[in-house]
Amino acid sequence: MLWPYRAPWSLMMQEVKVTIQGVTSHVDDEYRWAGVEDPKVMITTSRDPSSRLKMFAKELKLVFPGAQRMNRGRHEVGALVRACKANGVTDLLVVHEHRGTPVGLIVSHLPFGPTAYFTLCNVVMRHDIPDLGTMSEAKPHLITHGFSFCLGKQVSDILRYLFPVPKDDSHRVITFANQDDYISFRHHVYKKIDHRNVELTEVGPRFELKLYLIRLGTLEQEATADVEWRWHPYTNTARKRVFLSAE
């Protein structure tokens, strides 16, 4: 009886390494062209938005350079996503509210996903602060801090690729700082006082994000898309564990 030939273990491991090195992950595929062209962001709200949620959507439009805002009306999610894909939109943002307070943000990367679901908390809008003046619409520099785990790096990519590549002389800074899986959003402009000192001025809005779900598909595929990650708040170790960073 002739036994089938089996390659040596070392040769098999070399083949595995070559295969792994030659395959890009799904995250790389989704954001392969990020940074080559400016993102095209569309912002909308849940149905029947309050005046406060409309204000928050307007402020988010100013946060993302080149973003557009669309009135939700009676449009269904599927129609929204199809319209965005037809017009070359790269990311669809949907904000939700509870009794006039913004409580949720969905970021759906088009045309294939992923879709990240965040809880919004501690929202302070520019409308709540008097005498702030106008907001700069220059392309901002980005600061991301505390995203060391694999999931944290993916969330960092989802957020930072909503912004185009800035110019060197831009005086606008946006920060996503993670601590205990709460992502603090801060928006500043800076002014050089002399060759050593810089003056920072917060221009708002400010809020915290808490990730609770990532789906592999786009927003209209909510019922069929696979769940890539889900936060389980009611397990015994939920309060002790952090998922985005080791810090």
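The lining of the second largest cavity has, by class, six nonpolar residues, two charged ones and no polar ones, where Ala, Val, Leu, Ile, Met, Phe, Trp, Tyr, Cys and Pro count as nonpolar, Asp, Glu, Lys and Arg as charged, and the others, Gly among them, as polar. Those lining residues are Leu 151, Asp 181, Lys 210, Leu 211, Trp 229, Trp 231, Phe 243 and Leu 244, and the space in this cavity is about 50 Å³.

Before I go on, a word on the source: this is a predicted model, in which local features need pLDDT of at least 70 and side-chain atom pairs count only at pLDDT 80 or more, while totals for chains, interfaces and linings use all residues. Residues are numbered from 1 along each chain as its sequence is written, and side-chain values use heavy atoms, with hydrogens and water left out.

As for the terms, a cavity is a set of points, on a 1 Å grid over the protein atoms alone, where a 1.4 Å probe fits but cannot get out, whereas a pocket is an open set with protein on both sides within 12 Å along at least five of seven lines, and lining residues have an atom within 4 Å of a point. Grid points are joined across faces, edges and corners, and a volume is the space filled by probe spheres set on the points.

By this rule there are two cavities of 30 Å³ or more. The largest cavity, at about 60 Å³, has a lining of ten nonpolar residues, with no polar and no charged ones; among them are Leu 60, Phe 64, Leu 93 and Phe 207.

Turning to the open side, the largest pocket has a volume of about 550 Å³. It is lined by 27 residues, of which Trp 33, Ala 34, Gly 35, Glu 37 and His 109 are the closest to its centre. By class, that lining divides into 15 nonpolar, five polar and seven charged residues.

From C-alpha to C-alpha, Ala 67 and Lys 40 are 6.2 Å apart in space, although 27 residues apart in sequence.
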